[in-house]
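Hello,

Here is the structure we talked about handing over. Please open it first, then read my notes below.

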Amino acid sequence: MPSDVLIAEGSAASAYKSERAELIERNEELQTANVELRAIHKEFEDDLTIAARLQRYLEPNPTVWGRVRVDTFSQPARTIGGDFGVVCSLDDQYLNLLAGDVSGHGIGAALAASSIYAETSAHLQTGAPLPDVLSALNRSVIRKFNNPSFFFTVAAARLDRSGRRMEFAGAGHPPCMVIKPGAEPHLLEAQSMILGALSNAICREPAIEVNLEPGDRILLYTDGITDVFDKRGEMLGIEGLRDFVRDASMLPFEEMLPAILGWNAAWEYGPFADDVTLILAEVFE
């Protein structure tokens with residue numbers, strides 16, 4: 001065999017060995033990288049699990065207080081979300097109900113919601129008028145976040161011990177529904193603008209006072225329950241939810257939220273795309 005052929009074959013064999021060694025080295029590097037990525041992913045998943053457990057404290061809880069009973073539902077679109085809710089009493093004087101919704105989704109929204117929730121709860125415990133609570137939250141968030149693209153919305157109701165008087169104040173949030181069994185729910189519109197972006201968000205007369213009777217129900221909710229679409233691309237909206245609420249108002253109190261959620265799930269095409277929070281209260285004898 002000619003020497004030049006032998007030299008060529010030797011060169012090819014040497015190149016093959018070199019390429020093979022390089023491929024083996026790259027494969028080992030990839031395997032090491034995959035192990036590291038799996039470890040990072042597991043750490044991230046563990047952190048999310050802990051964050052989800054902590055965020056459960058941001059969810060409103062059912063209660064019975066005075067002549068008022070409260071049922072609640074809360075579900076993030078992802079593991080954690082930007083909704084928060086408060087059900088808390090001030091001694092024997094008032095019961096506060098509040099639903100809030102932070103712009104965005106995921107970790108950033110969840111961290112913001114946690115901060116705003118803590119401050120909201122502290123303000124409500126002082127007994128400050130609801131408009132003052134909204135004003136304080138607005139100033140604080142503007143100062144802390146200093147981001148014109150960040151905002152949040154709030155709907156708050158305060159009932160007295162008898163359950164016959166309610167004060168409502170909202171900011172950029174879907175309207176509160178005051179419900180009499182079988183009747184079209186009455187909408188209480190938010191009078192103020194979204195919070196956290198504009199210093200003048202609170203209007204001059206931000207609160208609405210309402211007289212209640214035994215059997216009346218109050219619904220606060222976030223737009224995750226209304227901004228859903230069916231197979232034809234039609235959004236449910238406030239009016240669609242209003243129909244569900246009217247039909248469910250004849251049911252026993254404890255069956256009302258499950259019925260609304262069931263009808264919503266049957267109407268919606270696909271799973272919830274946004275965080276959902278509902279707070280339902282009823283005045284009883």
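**Aromatic pairs**

Phe-145 is partly exposed, because its relative accessible area is 30%. That value comes from a predicted model, as does everything below. The ring of Phe-145 is paired with that of Phe-150. The two centres are 4.6 Å apart and the planes meet at 15 degrees, so this pair is stacked. Is Phe-150 buried or exposed? Phe-150 counts as buried, at 10% relative accessibility.

The structure has two aromatic pairs. Phe-244 and Trp-263 make up a tilted one, with 6.1 Å from centre to centre and 55 degrees between the planes. This pair connects distant parts of the chain. Phe-244 belongs to helix H4 (residues 237-248) and Trp-263 to helix H5 (residues 253-267), 19 residues apart. Phe-244 has a relative accessible area of 13%, so it is buried. Trp-263 is at 35% relative accessibility and therefore counts as partly exposed.

**Charges over rings**

Two arginines are worth a look here. Arg-158 lies over the face of Tyr-94, 5.5 Å from the ring centre. Arg-161 has its charged end over the ring of Trp-65, at 4.7 Å from the centre.

**Strands E3 and E4**

Strand E3 covers residues 83-90. Six of its eight residues are buried, so E3 is mostly covered. E3 pairs with E4 in the antiparallel sense, over eight bridges. Which residue is the bridge partner of Val-87 in E4? The partner is Leu-97. The hairpin of E3 and E4 has three residues between the strands. Asp-91 in this hairpin takes a positive phi near 50 degrees.

Asp-83 is found in E3. Its relative accessible area is 7%, so Asp-83 is buried. Which side chains does Asp-83 join through polar contacts? One is Thr-222, with a contact of 2.8 Å. Another is Thr-277, with a contact of 3.2 Å. Asp-83 and Ser-103 are 20 residues apart along the chain, and their C-alpha atoms are separated by 9.0 Å.

Strand E6 spans residues 165-171 and is mostly covered, with six of its seven residues buried. E6 pairs with strand E5 (residues 152-160) in the antiparallel sense, over six bridges. Within that pairing, Ala-155 has Gly-170 of E6 as its bridge partner. E5 and E6 form a hairpin, and four residues lie between them. In the turn, Gly-163 has a positive phi of about 75 degrees.

E6 also pairs with strand E9 (residues 207-211). This pairing is antiparallel too and runs over five bridges. Glu-167 stands opposite Glu-209 in E9.

**Nonpolar cores**

The largest nonpolar core has 23 residues. Which of them touch the most other members? Val-102 and Phe-152 do. At least two residues of this core come from each of E3, strand E4 (94-102), helix H2 (106-125), helix H3 (130-145), E5 and E6.

Leaving aside neighbours within four places in sequence, Phe-152 contacts Asp-101, Val-102, Ile-116, Leu-137, Val-141, Ala-171, Ile-194, Leu-195 and Gly-196.

**Arg-217**

Arg-217 is found in strand E10 (residues 217-221). At 5% relative accessibility, under the 20% limit, Arg-217 counts as buried. What does its side chain reach? The side chain of Arg-217 reaches the backbone oxygen of Ser-249 at 3.4 Å. A polar contact of 2.9 Å also joins the side chains of Arg-217 and Glu-282.

Beyond four places in sequence, the residues in contact with Arg-217 include Met-177, Val-178 and Ile-179. Ala-248, Ser-249, Leu-251, Pro-252, Phe-253 and Met-256 are also in contact with Arg-217.

Best wishes

Methods
Residues numbered from 1 in each chain as written. Predicted model: local features only at pLDDT ≥ 70, side-chain atom pairs only at ≥ 80, totals over all residues. Heavy atoms only, no water. Buried < 20%, exposed > 50% of the residue type's maximum accessible area, 1.4 Å probe, protein only. Pairing = 2+ DSSP bridges. Polar contact = N/O pair within 3.5 Å; in protein donor to acceptor, adjacent residues only side chain to side chain. Core = buried A, V, L, I, M, F, W, Y, C linked by side-chain atoms within 4.5 Å. Contact = heavy atoms within 4.5 Å. Phe/Tyr/Trp six-rings, centres within 6.5 Å; stacked < 30°, edge-to-face > 60°. Lys NZ or Arg CZ within 6 Å of the ring centre and 35° of its normal.
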